[in-house]
Amino acid sequence: MRFLPALFLVCASCVFAQTAEPPEVARAKAGIEKMRALVEAGVMPRAQLEKAEAEVADAEDAALLRKTLYGSDLTEDQAGDMLAAAQRRVDRRKSALDGAKKLVDNGVASLLSLTDFLEEYDRARKEYDLAESRVRFTRELTRMAEAEQLLDEKLAQAPEQTRELADRFDGDGVFSMVMFARIESDFEKHFGHALPVSAMGDTAVHRSLGFDHRGRVDVAIHPDQPEGRWLLQYLVDHQIPYFAFRHAVPGKATGAHIHIGPMSTRFHLGG
């Protein structure tokens, strides 16, 4: 486990990364304040201010997407913000496209003038589709992590009920990334496609629940599917520990998966 000061340093860095405002956005906001004063003084038309405010809002959404959609890690809460930002960018580009089409319909602009607007709208829609896909993945990962959290609680409070949540195999208690590389290779040879890994080691979702998931792997396979049965037998044959989750957390629709490696440990403050 990491030393406590290092853990606090990592958390502080994460908070700063999420709250620090990009320089270009900060500069644009400063410009907005000057423009607002000019509008109030009657020197500048309000429409110009509103256009600038929309551009700043779009830049903020773009910055958020750079940190989330194109980042390496995010939580379910961040995923919701990411999807909302992507939707706003789609809406803005749809509005701009509609405005451009009106100019064409009124004979003010040529049909060729729509090219850039159409391309921008298409890019925004594809960005939204990517964000939506990542949201689904993050929510599924959260369900998996919540299932492990519930199992951890049952292990501590009511160990006789743990069988209802997951099948457990301790093997020889040893699991490493070298072993996992062999699992991936053998799985792909057998089934002709890659092992569907949902969490490789540490993730923001596991950290948000207080779990140290380093050195563990979650695989998005139901244990009762042919691929799941093959994987469980493989792990038993090689004495590799696992937890096979057949049921989701109560009230959740998903969460079944195979956790390879020992149970995730919890971060503890002090000691």
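Author: To begin, the backbone oxygen of Pro262 lies 2.7 Å from a polar atom of the His259 side chain. The model is a predicted one, where local features need pLDDT of at least 70, side-chain atom pairs count only at pLDDT 80 or more, and totals for chains, interfaces and linings use all residues. Residues are numbered from 1 along each chain as its sequence is written, and side-chain values use heavy atoms, with hydrogens and water left out.

Reader: Is His259 buried or exposed?

Author: His259 counts as buried because its relative accessibility is 0%; buried means under 20% relative accessible area, exposed over 50%, and partly exposed in between, with a 1.4 Å probe and protein chains only.

Reader: Which side chain joins that of His259 in a polar contact?

Author: That of Glu148, at 3.0 Å. A polar contact is a pair of N or O atoms within 3.5 Å; within protein, one must be able to donate a hydrogen and the other to accept it, and residues adjacent in sequence count only if both atoms are side-chain atoms.

Reader: Where is His259 found?

Author: His259 is in strand S6, residues 257-260. Helices (H or I, at least four residues) and strands (E, at least two) are DSSP runs, numbered from the N terminus. The bridge partner of His259 is Asp218.

Reader: In what order do the strands of the open sheet run?

Author: The order of the 5 strands is S1-S5-S6-S4-S2, with antiparallel pairing; two strands pair if DSSP finds at least two bridges between them. At the edges are S1 (166-169) and S2 (197-200), each pairing on one side only. S4 (residues 217-219) and S6 pair over 3 bridges.

Reader: Changing topic, which residues have the most contacts inside the largest nonpolar core?

Author: They are Phe175, Ile183, Leu195, Leu231, Leu235 and Ile260, in a core of 20 residues. Such a core is a set of buried Ala, Val, Leu, Ile, Met, Phe, Trp, Tyr and Cys residues joined through side-chain atoms within 4.5 Å.

Reader: Which element supplies the largest share of this core?

Author: H9 does, with 5 residues.

Reader: And where is Ala57?

Author: Ala57 is in helix H3, residues 46-67. Ala57 is partly exposed, since its relative accessible area is 24%. The C-alpha atoms of Ala57 and Arg89 are separated by 9.3 Å, although these residues are 32 apart along the chain.
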